[in-house]
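My notes follow the display.

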Amino acid sequence: MKSIKVGLLGIGTVGSGTFDVLKRNQQEIAARAGRAIEITMVADLDIERAKQLTNGEITVVNDANLVVDHPDIDIVIELIGGVGIAKTLVLKAIANGKHVVTANKALIAAHGNEIFKAAQEKGVIVAFEAAVAGGIPIIKALREGLTANRIQWLAGIINGTTNFILSEMRDKGLDFDVALKDAQRLGYAESDPTFDIEGIDAAHKLTIMASIAFGIPVQFDKAYVEGITKLQATDIRYAEQLGYRIKLLGITKRTNGGIELRVHPTLIPTTRLIANVEGAMNAVLVRGDAVGDTLYYGKGAGAEPTASAVIADLVDITRLATADPEHRVPHLAFQPNAMADTPILPMAEITTSYYLRMHVADQRGVLADVTRILADASISIDAMLQKEPAEGETRTDIIMLTHQTQEKNVQAAIAKIEALSTVVGSVTKIRLEGLG
Ligand SMILES: NC(=O)C1=CN([C@@H]2O[C@H](COP(=O)(O)OP(=O)(O)OC[C@H]3O[C@@H](n4cnc5c(N)ncnc54)[C@H](O)[C@@H]3O)[C@@H](O)[C@H]2O)C=CC1
Ligand SMILES: N[C@@H](CC=O)C(=O)O
Ligand code: NA
(Lines give C-alpha, C1' and ligand atoms only; values in the text may rest on other atoms or scores of the structure.)
(Ligands and ions follow the chains in the order given, each with its own letter.)
Protein backbone atom coordinates (compact mmCIF):
# COMPACT_ATOMS: atom_id res chain seq x y z
CA MET A 1 0.00 0.00 0.00
CA LYS A 2 1.17 3.54 -0.75
CA SER A 3 2.92 5.17 2.19
CA ILE A 4 1.52 8.27 3.92
CA LYS A 5 3.68 11.29 3.10
CA VAL A 6 4.16 13.84 5.82
CA GLY A 7 5.49 17.39 5.65
CA LEU A 8 7.01 18.78 8.86
CA LEU A 9 6.90 22.51 9.54
CA GLY A 10 9.48 23.43 12.20
CA ILE A 11 12.19 21.01 13.27
CA GLY A 12 13.00 22.42 16.72
CA THR A 13 12.59 20.55 20.02
CA VAL A 14 9.36 18.69 19.19
CA GLY A 15 10.01 18.50 15.44
CA SER A 16 13.38 16.81 15.87
CA GLY A 17 11.91 14.42 18.47
CA THR A 18 9.14 13.54 16.03
CA PHE A 19 11.59 12.94 13.20
CA ASP A 20 13.78 10.69 15.38
CA VAL A 21 11.00 8.61 16.95
CA LEU A 22 9.21 8.10 13.64
CA LYS A 23 12.43 6.84 12.10
CA ARG A 24 13.46 4.70 15.09
CA ASN A 25 10.08 2.95 15.43
CA GLN A 26 9.25 3.00 11.72
CA GLN A 27 8.34 -0.68 11.36
CA GLU A 28 6.26 -0.96 14.49
CA ILE A 29 4.40 2.24 13.65
CA ALA A 30 3.68 0.98 10.12
CA ALA A 31 2.44 -2.32 11.54
CA ARG A 32 0.00 -0.40 13.75
CA ALA A 33 -1.08 2.16 11.17
CA GLY A 34 -1.52 -0.34 8.34
CA ARG A 35 0.94 1.47 6.10
CA ALA A 36 4.27 3.26 6.27
CA ILE A 37 4.29 6.85 7.48
CA GLU A 38 7.28 8.89 6.30
CA ILE A 39 8.35 12.48 6.66
CA THR A 40 9.37 13.41 3.12
CA MET A 41 9.72 17.20 3.47
CA VAL A 42 10.83 19.52 6.25
CA ALA A 43 10.56 23.31 6.37
CA ASP A 44 12.56 25.35 8.86
CA LEU A 45 14.02 28.85 8.76
CA ASP A 46 17.29 27.37 10.07
CA ILE A 47 17.84 25.29 6.98
CA GLU A 48 21.41 24.17 7.82
CA ARG A 49 20.37 22.84 11.20
CA ALA A 50 17.37 21.13 9.59
CA LYS A 51 19.63 19.43 7.03
CA GLN A 52 21.90 18.22 9.80
CA LEU A 53 19.02 16.86 11.87
CA THR A 54 17.59 14.99 8.90
CA ASN A 55 21.02 13.63 7.81
CA GLY A 56 20.55 14.94 4.29
CA GLU A 57 17.99 12.19 3.68
CA ILE A 58 14.96 14.27 2.69
CA THR A 59 13.95 17.53 1.07
CA VAL A 60 14.55 20.52 3.34
CA VAL A 61 13.24 23.98 2.49
CA ASN A 62 12.99 27.25 4.37
CA ASP A 63 9.64 28.29 2.99
CA ALA A 64 6.87 26.32 4.74
CA ASN A 65 4.45 27.19 1.91
CA LEU A 66 6.38 24.82 -0.35
CA VAL A 67 5.42 21.94 1.96
CA VAL A 68 1.83 23.02 2.48
CA ASP A 69 1.32 23.43 -1.29
CA HIS A 70 3.11 20.23 -2.32
CA PRO A 71 0.70 17.83 -4.02
CA ASP A 72 2.42 14.70 -2.62
CA ILE A 73 1.99 15.66 1.03
CA ASP A 74 -0.96 13.94 2.80
CA ILE A 75 -0.45 15.26 6.33
CA VAL A 76 1.15 18.51 7.50
CA ILE A 77 2.66 18.63 11.01
CA GLU A 78 2.79 22.18 12.35
CA LEU A 79 5.50 22.54 15.02
CA ILE A 80 6.46 26.18 14.54
CA GLY A 81 4.33 27.58 17.35
CA GLY A 82 2.55 30.90 17.88
CA VAL A 83 -0.61 32.23 16.26
CA GLY A 84 0.88 34.17 13.35
CA ILE A 85 2.43 32.23 10.49
CA ALA A 86 1.34 28.95 12.10
CA LYS A 87 -2.34 29.91 11.72
CA THR A 88 -1.88 30.95 8.09
CA LEU A 89 -0.09 27.70 7.27
CA VAL A 90 -2.63 25.48 9.06
CA LEU A 91 -5.56 27.14 7.28
CA LYS A 92 -3.73 26.88 3.97
CA ALA A 93 -2.98 23.19 4.52
CA ILE A 94 -6.66 22.59 5.27
CA ALA A 95 -7.72 24.55 2.19
CA ASN A 96 -5.33 22.36 0.18
CA GLY A 97 -7.16 19.28 1.50
CA LYS A 98 -4.38 18.10 3.82
CA HIS A 99 -4.85 16.66 7.30
CA VAL A 100 -3.03 18.58 10.02
CA VAL A 101 -1.29 17.55 13.24
CA THR A 102 -0.26 20.30 15.62
CA ALA A 103 1.19 20.64 19.13
CA ASN A 104 0.24 24.32 19.14
CA LYS A 105 -2.10 24.89 22.08
CA ALA A 106 -1.94 28.67 21.70
CA LEU A 107 -3.31 28.31 18.18
CA ILE A 108 -6.06 25.83 19.07
CA ALA A 109 -7.13 27.74 22.21
CA ALA A 110 -7.35 31.06 20.35
CA HIS A 111 -8.48 29.99 16.86
CA GLY A 112 -9.72 26.40 17.27
CA ASN A 113 -13.33 27.23 16.36
CA GLU A 114 -12.31 28.74 13.02
CA ILE A 115 -9.80 25.97 12.30
CA PHE A 116 -12.21 23.11 13.08
CA LYS A 117 -14.94 24.73 10.99
CA ALA A 118 -12.59 25.01 8.02
CA ALA A 119 -11.45 21.39 8.52
CA GLN A 120 -15.03 20.13 8.74
CA GLU A 121 -16.00 21.95 5.55
CA LYS A 122 -13.02 20.46 3.76
CA GLY A 123 -13.46 16.97 5.25
CA VAL A 124 -9.98 16.85 6.78
CA ILE A 125 -8.79 16.08 10.30
CA VAL A 126 -6.95 18.47 12.62
CA ALA A 127 -5.35 16.46 15.43
CA PHE A 128 -3.82 18.07 18.50
CA GLU A 129 -3.04 15.45 21.15
CA ALA A 130 0.42 16.95 21.71
CA ALA A 131 -1.11 20.34 22.49
CA VAL A 132 -2.36 19.27 25.92
CA ALA A 133 -0.15 17.62 28.52
CA GLY A 134 2.43 16.56 25.91
CA GLY A 135 2.79 12.78 25.83
CA ILE A 136 -0.20 12.00 28.07
CA PRO A 137 -3.06 10.82 25.83
CA ILE A 138 -5.55 13.08 27.61
CA ILE A 139 -7.35 14.32 24.49
CA LYS A 140 -8.02 10.73 23.46
CA ALA A 141 -9.13 9.84 26.98
CA LEU A 142 -11.56 12.75 27.21
CA ARG A 143 -12.84 12.51 23.67
CA GLU A 144 -13.12 8.74 23.35
CA GLY A 145 -12.33 6.79 26.52
CA LEU A 146 -14.71 8.79 28.74
CA THR A 147 -17.37 9.39 26.13
CA ALA A 148 -20.10 7.66 28.17
CA ASN A 149 -19.70 10.14 31.02
CA ARG A 150 -21.14 13.45 31.97
CA ILE A 151 -17.85 15.05 33.00
CA GLN A 152 -18.26 16.97 36.26
CA TRP A 153 -14.85 18.57 36.60
CA LEU A 154 -11.23 18.16 35.77
CA ALA A 155 -8.13 19.60 37.38
CA GLY A 156 -4.60 19.37 36.07
CA ILE A 157 -0.97 20.22 36.48
CA ILE A 158 -0.57 21.01 32.81
CA ASN A 159 2.52 23.15 32.59
CA GLY A 160 5.80 21.30 33.04
CA THR A 161 7.93 24.44 33.31
CA THR A 162 6.09 25.90 36.31
CA ASN A 163 5.79 22.55 38.06
CA PHE A 164 9.53 22.07 37.54
CA ILE A 165 10.26 25.55 38.92
CA LEU A 166 8.08 25.01 42.01
CA SER A 167 9.69 21.62 42.68
CA GLU A 168 13.24 22.92 42.25
CA MET A 169 12.53 25.92 44.50
CA ARG A 170 11.05 23.72 47.23
CA ASP A 171 13.43 20.73 47.09
CA LYS A 172 16.73 22.37 46.18
CA GLY A 173 16.11 25.90 47.43
CA LEU A 174 16.88 27.23 43.93
CA ASP A 175 15.92 30.78 43.01
CA PHE A 176 13.02 31.24 40.60
CA ASP A 177 15.26 32.60 37.82
CA VAL A 178 17.78 29.75 38.07
CA ALA A 179 15.03 27.12 37.96
CA LEU A 180 13.43 28.85 34.96
CA LYS A 181 16.75 28.86 33.08
CA ASP A 182 17.11 25.12 33.75
CA ALA A 183 13.58 24.51 32.42
CA GLN A 184 14.48 26.46 29.27
CA ARG A 185 17.74 24.53 28.84
CA LEU A 186 15.83 21.23 29.14
CA GLY A 187 13.43 22.28 26.34
CA TYR A 188 10.29 22.52 28.53
CA ALA A 189 9.60 26.24 28.25
CA GLU A 190 7.75 28.07 25.49
CA SER A 191 9.83 30.32 23.23
CA ASP A 192 8.40 33.18 25.32
CA PRO A 193 8.56 31.74 28.86
CA THR A 194 6.14 34.34 30.22
CA PHE A 195 3.48 32.09 28.67
CA ASP A 196 4.56 29.42 31.15
CA ILE A 197 5.16 31.43 34.31
CA GLU A 198 2.11 33.67 33.92
CA GLY A 199 -0.21 30.67 33.50
CA ILE A 200 -1.13 31.42 29.87
CA ASP A 201 0.14 28.10 28.51
CA ALA A 202 -1.81 26.18 31.17
CA ALA A 203 -4.91 28.24 30.33
CA HIS A 204 -4.53 27.39 26.64
CA LYS A 205 -4.51 23.69 27.52
CA LEU A 206 -7.34 24.01 30.02
CA THR A 207 -9.49 25.85 27.48
CA ILE A 208 -9.06 22.97 25.02
CA MET A 209 -9.89 20.32 27.62
CA ALA A 210 -12.97 22.24 28.80
CA SER A 211 -14.33 22.29 25.24
CA ILE A 212 -13.97 18.56 24.89
CA ALA A 213 -15.25 17.80 28.38
CA PHE A 214 -18.34 20.01 28.20
CA GLY A 215 -19.04 20.36 24.47
CA ILE A 216 -18.53 24.14 24.39
CA PRO A 217 -16.59 26.22 21.85
CA VAL A 218 -12.98 27.07 22.73
CA GLN A 219 -13.05 30.35 24.67
CA PHE A 220 -9.57 31.23 25.88
CA ASP A 221 -10.54 34.88 26.34
CA LYS A 222 -12.96 33.88 29.14
CA ALA A 223 -10.39 31.93 31.18
CA TYR A 224 -9.14 33.35 34.49
CA VAL A 225 -5.33 33.25 34.39
CA GLU A 226 -2.92 33.74 37.28
CA GLY A 227 0.67 32.47 37.16
CA ILE A 228 3.33 31.73 39.77
CA THR A 229 5.38 34.93 39.59
CA LYS A 230 3.75 36.50 42.66
CA LEU A 231 3.93 33.34 44.75
CA GLN A 232 6.07 33.80 47.86
CA ALA A 233 8.35 31.22 49.50
CA THR A 234 6.68 32.07 52.86
CA ASP A 235 3.34 30.78 51.58
CA ILE A 236 4.87 27.61 50.18
CA ARG A 237 6.33 26.95 53.68
CA TYR A 238 3.13 27.76 55.59
CA ALA A 239 1.13 25.59 53.20
CA GLU A 240 3.48 22.67 53.91
CA GLN A 241 3.04 23.19 57.67
CA LEU A 242 -0.71 22.97 57.20
CA GLY A 243 -0.44 19.77 55.12
CA TYR A 244 -0.75 21.27 51.63
CA ARG A 245 1.42 21.69 48.54
CA ILE A 246 1.05 24.61 46.17
CA LYS A 247 0.71 23.76 42.47
CA LEU A 248 -0.25 25.75 39.41
CA LEU A 249 -3.57 24.06 38.70
CA GLY A 250 -5.96 24.38 35.78
CA ILE A 251 -9.51 23.72 36.91
CA THR A 252 -12.71 23.50 34.92
CA LYS A 253 -15.98 22.58 36.56
CA ARG A 254 -19.62 22.28 35.57
CA THR A 255 -21.90 24.17 37.99
CA ASN A 256 -25.59 25.10 37.87
CA GLY A 257 -24.77 28.67 36.84
CA GLY A 258 -22.15 27.86 34.19
CA ILE A 259 -18.63 26.56 33.74
CA GLU A 260 -15.66 27.52 35.87
CA LEU A 261 -12.48 27.94 33.81
CA ARG A 262 -9.48 29.01 35.85
CA VAL A 263 -5.72 28.66 36.24
CA HIS A 264 -4.02 29.78 39.44
CA PRO A 265 -1.65 28.63 42.19
CA THR A 266 -3.64 26.22 44.35
CA LEU A 267 -3.16 24.53 47.72
CA ILE A 268 -3.78 20.79 47.40
CA PRO A 269 -3.70 18.37 50.38
CA THR A 270 -0.34 16.53 50.28
CA THR A 271 -2.28 13.30 50.74
CA ARG A 272 -3.66 13.62 47.17
CA LEU A 273 -1.66 11.83 44.46
CA ILE A 274 -1.73 14.91 42.25
CA ALA A 275 -0.06 17.02 44.97
CA ASN A 276 2.97 14.74 44.62
CA VAL A 277 3.44 15.23 40.90
CA GLU A 278 6.89 16.82 40.72
CA GLY A 279 9.36 18.24 38.20
CA ALA A 280 8.21 18.61 34.61
CA MET A 281 5.62 15.84 35.05
CA ASN A 282 1.98 16.61 34.30
CA ALA A 283 -1.19 15.04 35.69
CA VAL A 284 -4.87 15.50 34.97
CA LEU A 285 -7.59 14.32 37.33
CA VAL A 286 -11.00 13.88 35.69
CA ARG A 287 -14.28 13.17 37.43
CA GLY A 288 -17.00 11.57 35.34
CA ASP A 289 -20.43 10.64 36.68
CA ALA A 290 -20.11 6.98 35.69
CA VAL A 291 -16.41 6.24 35.96
CA GLY A 292 -15.69 8.35 39.07
CA ASP A 293 -12.18 9.76 39.31
CA THR A 294 -9.48 8.89 36.77
CA LEU A 295 -5.92 10.25 36.88
CA TYR A 296 -3.58 10.62 33.90
CA TYR A 297 0.12 11.12 34.62
CA GLY A 298 3.21 11.50 32.47
CA LYS A 299 5.66 13.78 30.74
CA GLY A 300 3.95 16.94 29.61
CA ALA A 301 6.90 18.49 27.80
CA GLY A 302 10.16 17.64 26.06
CA ALA A 303 11.13 16.36 22.63
CA GLU A 304 10.25 12.67 22.62
CA PRO A 305 7.30 12.66 25.05
CA THR A 306 5.61 15.28 22.88
CA ALA A 307 6.67 13.43 19.71
CA SER A 308 4.87 10.39 21.10
CA ALA A 309 1.58 12.32 20.94
CA VAL A 310 2.33 13.84 17.52
CA ILE A 311 2.97 10.39 16.06
CA ALA A 312 -0.12 8.90 17.74
CA ASP A 313 -2.10 11.54 15.81
CA LEU A 314 -0.33 10.60 12.57
CA VAL A 315 -1.34 6.98 13.10
CA ASP A 316 -4.92 7.94 13.98
CA ILE A 317 -5.22 9.99 10.81
CA THR A 318 -3.70 7.22 8.73
CA ARG A 319 -6.28 4.80 10.10
CA LEU A 320 -9.21 7.22 9.84
CA ALA A 321 -8.44 9.10 6.66
CA THR A 322 -10.40 6.72 4.49
CA ALA A 323 -13.48 6.75 6.79
CA ASP A 324 -16.49 8.81 5.79
CA PRO A 325 -15.83 12.28 7.39
CA GLU A 326 -19.33 12.20 8.99
CA HIS A 327 -18.34 9.12 10.98
CA ARG A 328 -14.97 10.23 12.32
CA VAL A 329 -14.41 11.21 15.94
CA PRO A 330 -15.47 14.89 16.12
CA HIS A 331 -12.65 17.39 16.76
CA LEU A 332 -14.15 18.49 20.08
CA ALA A 333 -15.83 15.17 20.99
CA PHE A 334 -19.36 16.51 20.46
CA GLN A 335 -20.87 16.75 16.98
CA PRO A 336 -20.52 20.34 15.70
CA ASN A 337 -24.32 20.82 15.66
CA ALA A 338 -24.60 19.57 19.26
CA MET A 339 -22.29 22.06 20.95
CA ALA A 340 -23.66 23.81 24.03
CA ASP A 341 -23.67 27.53 24.76
CA THR A 342 -23.23 27.07 28.53
CA PRO A 343 -21.68 30.32 29.82
CA ILE A 344 -18.24 30.54 31.41
CA LEU A 345 -18.65 31.94 34.93
CA PRO A 346 -16.96 35.22 35.84
CA MET A 347 -14.30 34.66 38.51
CA ALA A 348 -16.36 36.44 41.21
CA GLU A 349 -18.97 33.67 40.86
CA ILE A 350 -16.69 30.66 41.36
CA THR A 351 -16.80 28.63 44.57
CA THR A 352 -13.74 27.25 46.31
CA SER A 353 -11.82 27.33 49.61
CA TYR A 354 -9.10 29.85 50.42
CA TYR A 355 -5.76 30.24 52.17
CA LEU A 356 -5.50 33.76 53.60
CA ARG A 357 -2.31 35.18 55.12
CA MET A 358 -2.24 38.52 56.85
CA HIS A 359 0.53 40.36 58.67
CA VAL A 360 -0.93 41.86 61.84
CA ALA A 361 -0.01 43.83 64.95
CA ASP A 362 0.45 41.38 67.81
CA GLN A 363 -2.27 42.89 70.01
CA ARG A 364 -5.52 41.84 71.60
CA GLY A 365 -8.67 42.05 69.47
CA VAL A 366 -7.09 41.66 66.02
CA LEU A 367 -8.19 38.07 65.61
CA ALA A 368 -11.70 38.90 66.83
CA ASP A 369 -11.96 41.72 64.24
CA VAL A 370 -10.83 39.45 61.42
CA THR A 371 -13.09 36.54 62.35
CA ARG A 372 -16.08 38.92 62.67
CA ILE A 373 -15.50 40.25 59.16
CA LEU A 374 -15.29 36.70 57.81
CA ALA A 375 -18.41 35.60 59.68
CA ASP A 376 -20.33 38.65 58.40
CA ALA A 377 -19.39 37.58 54.85
CA SER A 378 -20.64 34.02 55.59
CA ILE A 379 -17.12 32.64 55.39
CA SER A 380 -16.33 29.91 57.90
CA ILE A 381 -12.82 29.05 59.00
CA ASP A 382 -11.55 25.50 58.63
CA ALA A 383 -8.05 25.85 60.14
CA MET A 384 -5.83 28.58 61.51
CA LEU A 385 -2.15 29.11 62.17
CA GLN A 386 -0.91 32.01 64.27
CA LYS A 387 2.85 32.48 64.38
CA GLU A 388 4.71 33.80 67.40
CA PRO A 389 6.25 37.18 66.57
CA ALA A 390 9.96 36.85 65.81
CA GLU A 391 12.38 38.05 68.52
CA GLY A 392 12.05 41.83 68.90
CA GLU A 393 9.08 41.99 66.44
CA THR A 394 5.67 43.42 67.27
CA ARG A 395 3.95 41.98 64.23
CA THR A 396 3.13 38.45 63.25
CA ASP A 397 1.47 36.33 60.57
CA ILE A 398 -2.00 34.82 60.82
CA ILE A 399 -2.93 32.15 58.29
CA MET A 400 -6.50 30.98 57.83
CA LEU A 401 -8.00 28.26 55.68
CA THR A 402 -11.65 28.78 54.83
CA HIS A 403 -14.46 26.41 53.94
CA GLN A 404 -15.92 26.72 50.45
CA THR A 405 -17.38 30.10 49.61
CA GLN A 406 -17.88 32.36 46.62
CA GLU A 407 -14.91 34.38 45.39
CA LYS A 408 -16.85 37.63 45.64
CA ASN A 409 -17.43 37.06 49.39
CA VAL A 410 -13.71 36.62 49.91
CA GLN A 411 -12.85 39.69 47.84
CA ALA A 412 -15.25 41.82 49.90
CA ALA A 413 -13.98 40.43 53.22
CA ILE A 414 -10.34 41.00 52.25
CA ALA A 415 -11.05 44.64 51.44
CA LYS A 416 -12.50 45.08 54.95
CA ILE A 417 -9.63 43.20 56.63
CA GLU A 418 -7.05 45.31 54.79
CA ALA A 419 -8.82 48.44 56.04
CA LEU A 420 -8.22 47.45 59.70
CA SER A 421 -5.51 49.61 61.28
CA THR A 422 -4.01 46.50 62.89
CA VAL A 423 -3.47 44.73 59.55
CA VAL A 424 -0.25 45.61 57.72
CA GLY A 425 -0.18 45.64 53.92
CA SER A 426 -2.32 43.39 51.79
CA VAL A 427 -3.83 40.00 52.53
CA THR A 428 -2.38 37.11 50.51
CA LYS A 429 -5.11 34.94 49.01
CA ILE A 430 -4.42 31.53 47.44
CA ARG A 431 -7.26 29.24 46.40
CA LEU A 432 -7.48 25.75 47.87
CA GLU A 433 -8.99 22.64 46.30
CA GLY A 434 -9.58 19.45 48.26
CA LEU A 435 -10.12 17.47 45.03
CA GLY A 436 -11.91 14.81 47.08
N1 LIG B 1 8.76 21.99 23.78
C2 LIG B 1 7.81 21.26 24.33
O3 LIG B 1 8.03 20.50 25.27
C4 LIG B 1 6.41 21.34 23.80
C5 LIG B 1 6.07 22.21 22.79
N6 LIG B 1 4.79 22.22 22.33
C7 LIG B 1 4.44 23.11 21.21
O8 LIG B 1 5.08 22.62 20.05
C9 LIG B 1 5.37 23.70 19.17
C10 LIG B 1 6.86 23.72 18.86
O11 LIG B 1 7.56 23.88 20.06
P12 LIG B 1 9.15 23.63 20.16
O13 LIG B 1 9.52 22.48 19.32
O14 LIG B 1 9.46 23.60 21.59
O15 LIG B 1 9.67 24.98 19.52
P16 LIG B 1 11.12 25.30 18.91
O17 LIG B 1 11.32 26.77 19.04
O18 LIG B 1 12.14 24.39 19.50
O19 LIG B 1 10.95 24.92 17.37
C20 LIG B 1 10.30 25.72 16.44
C21 LIG B 1 11.00 25.54 15.10
O22 LIG B 1 10.25 26.22 14.11
C23 LIG B 1 11.16 26.92 13.26
N24 LIG B 1 10.45 28.04 12.62
C25 LIG B 1 10.11 29.22 13.16
N26 LIG B 1 9.43 29.96 12.28
C27 LIG B 1 9.35 29.24 11.14
C28 LIG B 1 8.78 29.47 9.87
N29 LIG B 1 8.15 30.60 9.57
N30 LIG B 1 8.88 28.49 8.95
C31 LIG B 1 9.53 27.34 9.20
N32 LIG B 1 10.10 27.07 10.41
C33 LIG B 1 10.00 28.01 11.36
C34 LIG B 1 12.31 27.34 14.15
O35 LIG B 1 13.49 27.60 13.42
C36 LIG B 1 12.43 26.12 15.08
O37 LIG B 1 13.34 25.17 14.58
C38 LIG B 1 4.87 24.96 19.88
O39 LIG B 1 3.55 25.22 19.45
C40 LIG B 1 4.85 24.55 21.35
O41 LIG B 1 3.92 25.27 22.11
C42 LIG B 1 3.82 21.40 22.80
C43 LIG B 1 4.10 20.51 23.79
C44 LIG B 1 5.42 20.43 24.38
N1 LIG C 1 5.97 24.96 27.89
C2 LIG C 1 5.13 23.81 28.03
C3 LIG C 1 5.52 22.78 27.04
C4 LIG C 1 4.48 21.78 26.86
O5 LIG C 1 3.34 22.04 26.53
C6 LIG C 1 5.27 23.26 29.44
O7 LIG C 1 6.18 23.69 30.16
O8 LIG C 1 4.42 22.45 29.84
NA1 NA D 1 -1.47 14.92 25.17
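I listed the contact between α1 and α13 residue by residue. From α1, the contact takes T13, V14, S16, G17, T18, V21 and L22, and these meet A303, E304, T306, A307, S308, V310 and I311 of α13. I sorted the residues of this contact by type and got seven nonpolar, six polar and one charged. The model is a predicted one.

Next I looked up the geometry of the pair. Helix α1 covers residues 13-24 and helix α13 covers residues 303-320. Their axes are 8 Å apart, and the packing angle is about 65°. Angles of 65 to 115 degrees count as roughly perpendicular, so I noted α1 and α13 as roughly perpendicular to each other. For the handedness of the α1 and α13 crossing, I wrote down right-handed.

I then turned to the domains. The domain assignment lists domain 1 as 4-136 + 304-338, domain 2 as 139-299 and domain 3 as 349-432. I looked up domain 2 and domain 3 as a pair, and their C-alpha centres lie 26 Å apart. Domain 2 gives 14 residues to the contact, and domain 3 gives twelve.

Which elements give two or more residues to the side of domain 2 that touches domain 3? I found α12 (233-241), β9 (244-254) and β10 (259-269). The largest share of that side comes from β10, with six residues. By type, the residues on the side of domain 2 that touches domain 3 are seven nonpolar, four polar and three charged.

Notes: Residues numbered from 1 in each chain as written. Chains lettered and ligands numbered in written order. Predicted model: local features only at pLDDT ≥ 70, side-chain atom pairs only at ≥ 80, totals over all residues. Domains from an automatic or database assignment. Contact = placed C-beta atoms within 7 Å. Helix = DSSP H or I, 4+ residues; strand = E, 2+ residues; numbered from the N terminus. Nonpolar A, V, L, I, M, F, W, Y, C, P; charged D, E, K, R; others polar. Axes fitted to C-alpha atoms, helices over the stretch in contact; angles between N-to-C directions. Parallel < 35°, antiparallel > 145°, perpendicular 65-115°, else oblique. Left-handed = near helix turned anticlockwise from the far one by under 90°.
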